Amino acid sequence: MLKRRKFINLAALMSTSALLPNVTTSKKVSERNNPQLLAKRLKKGDTIGLIAPGYAVKPETLEEMKTTLTEMGFIPFHTNRIHGNHGYFSNTDKQRATDLNEMFKNPEIDGILCARGGYGCTRIMQMIDYQSIRTNPKVLIGFSDITALLNGIYKETGLITFHGPVGSTIADAYSKQQFSNTLMHPQYPQKIDNVILEDEEMINDVEYERYTITPGQAIGKLVGGSLTLINALIGTPHEIDFTDAIVCIEDVEEAPYRIDRMLTQLIEGSSFKKAKGVVFGVCAGCNGSSNSKSFTLKEVIMDRIASLDIPAAYGMSFGHVPNNFTFPIGTDAKWDADKMTLELLEKAIY
């Protein structure tokens with residue numbers, strides 16, 4: 001049965017934050033555009049529907065993720081639409097949208113995991129049955145191109161969605177544990193800590209460096225994901241409203257000047273300057289440039305983000321990296337840019 005999110009009075013939360021230095025807060029839930037919808041939490045024995053709303057999935061990769069889900073205690077399910085290729089997509093726009101819509105409608109499906117990202121989600125946004133999602137709320141998980149679905153569905157329906165591993169990256173132990181912490185056994189407030197880096201190559205890689213851009217703490221709703229997809233939504237009905245938000249950002253294989261261009265576009269937009277904080281994941285493969293005079297990734301991020309004068313830091317464990325924590329899109333969290341921790345403050349599932 002549909003369980004609509006009851007409006008939550010955040011007066012106590014606001015009172016607590018008033019005692020903290022440099023803390024900014026978001027609007028109360030009751031002041032948001034859409035009432036929140038919560039999906040039921042996942043448990044062992046649940047059926048997880050696998051979809052490929054963007055690029056195609058290799059058969060061997062599909063089998064590997066099914067094995068991982070089975071080992072985690074779930075029952076993996078997918079339709080024949082996930083097989084094959086339509087150009088670089090897994091299927092036609094219509095069939096990919098149909099797969100998503102049917103997974104929400106199917107009463108036997110308990111949660112939906114995107115098999116991979118790639119590109120294609122923005123092409124099906126107008127084909128999604130948002131009314132069906134409102135009446136059949138379910139956990140939806142993914143990242144990268146799935147950023148469009150996560151933020152678009154949240155904006156259209158109020159359903160809390162989840163930025164987390166896709167099927168092809170969920171086998172990592174840290175990712176599985178964080179998945180469980182957020183989607184199966186949540187405790188609020190729930191603190192999310194970075195993975196402890198043990199791989200020497202990562203430790204010595206400047207793209208994995210962890211640093212504070214602007215110190216401070218902030219409270220706001222979590223939004224965001226892939227920087228490329230955040231920008232791709234600008235000018236569409238699903239453009240993200242950053243007002244009073246904690247904005248999570250990551251990307252992959254983008255030259256520093258392209259990161260610069262996308263951040264500049266956000267900053268010059270209508271609401272990004274109204275954000276309460278910025279949380280950067282790891283921008284893997286984004287520090288290189290053929291131009292010897294190029295700014296580094298860190299220089300670009302410091303230059304663009306520091307001027308906002310809101311709590312911000314780089315190097316959290318999410319993005320196109322081996323270790324991904326899972327976080328909700330649309331619920332309030334406390335961001336500590338000094339300690340580099342996120343704390344989920346309100347229920348994201350029931």
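Guide: Welcome! One definition to begin with: a residue is buried when its relative accessible area is under 20%, exposed when that area is over 50%, and partly exposed in between. Keep in mind that we are looking at a predicted model.

Visitor: Which residue does the side chain of Asp-129 meet in a salt bridge?

Guide: First the general idea: side chains of opposite charge can pair when their charged atoms come close. Here, the side chain of Asp-129 forms a salt bridge with that of Lys-105, at 3.5 Å from N to O. This pair links distant parts of the chain, 24 residues apart. Asp-129 is in the loop between strand 4 (111–114) and helix 4 (130–135), while Lys-105 belongs to helix 3 (residues 93–105). Lys-105 is partly exposed as well, at 44% relative accessibility.

Visitor: How many salt bridges does the structure hold?

Guide: There are 13 salt bridges. One of them joins the side chains of Lys-43 and Asp-46, at 2.9 Å from N to O.

Visitor: Which residues do salt bridges with shared partners join into one network?

Guide: That network is made of Arg-81, Asp-99 and Glu-102.

Visitor: Now for the rings. How many aromatic pairs are there?

Guide: The count comes to 11 aromatic pairs. Take Tyr-88 and Phe-89: their ring centres are 4.7 Å apart and their planes meet at 75 degrees, so the pair is edge-to-face. The cut-off behind that label is an angle over 60 degrees. Ring pairs also link both residues with Tyr-55 and Tyr-119 into a cluster.

Visitor: What sits over the ring of Phe-89?

Guide: The charged end of Arg-96 does, 4.3 Å from the ring centre. Phe-89 itself is buried, with a relative accessible area of 5%. You can find another charge over a ring at Tyr-211, where the charged end of Lys-298 sits 4.5 Å from the ring centre.

Key:
Residues numbered from 1 in each chain as written. Predicted model: local features only at pLDDT ≥ 70, side-chain atom pairs only at ≥ 80, totals over all residues. Heavy atoms only, no water. Salt bridge = Lys/Arg side-chain N within 4 Å of Asp/Glu carboxyl O. Helix = DSSP H or I, 4+ residues; strand = E, 2+ residues; numbered from the N terminus. Buried < 20%, exposed > 50% of the residue type's maximum accessible area, 1.4 Å probe, protein only. Phe/Tyr/Trp six-rings, centres within 6.5 Å; stacked < 30°, edge-to-face > 60°. Lys NZ or Arg CZ within 6 Å of the ring centre and 35° of its normal.
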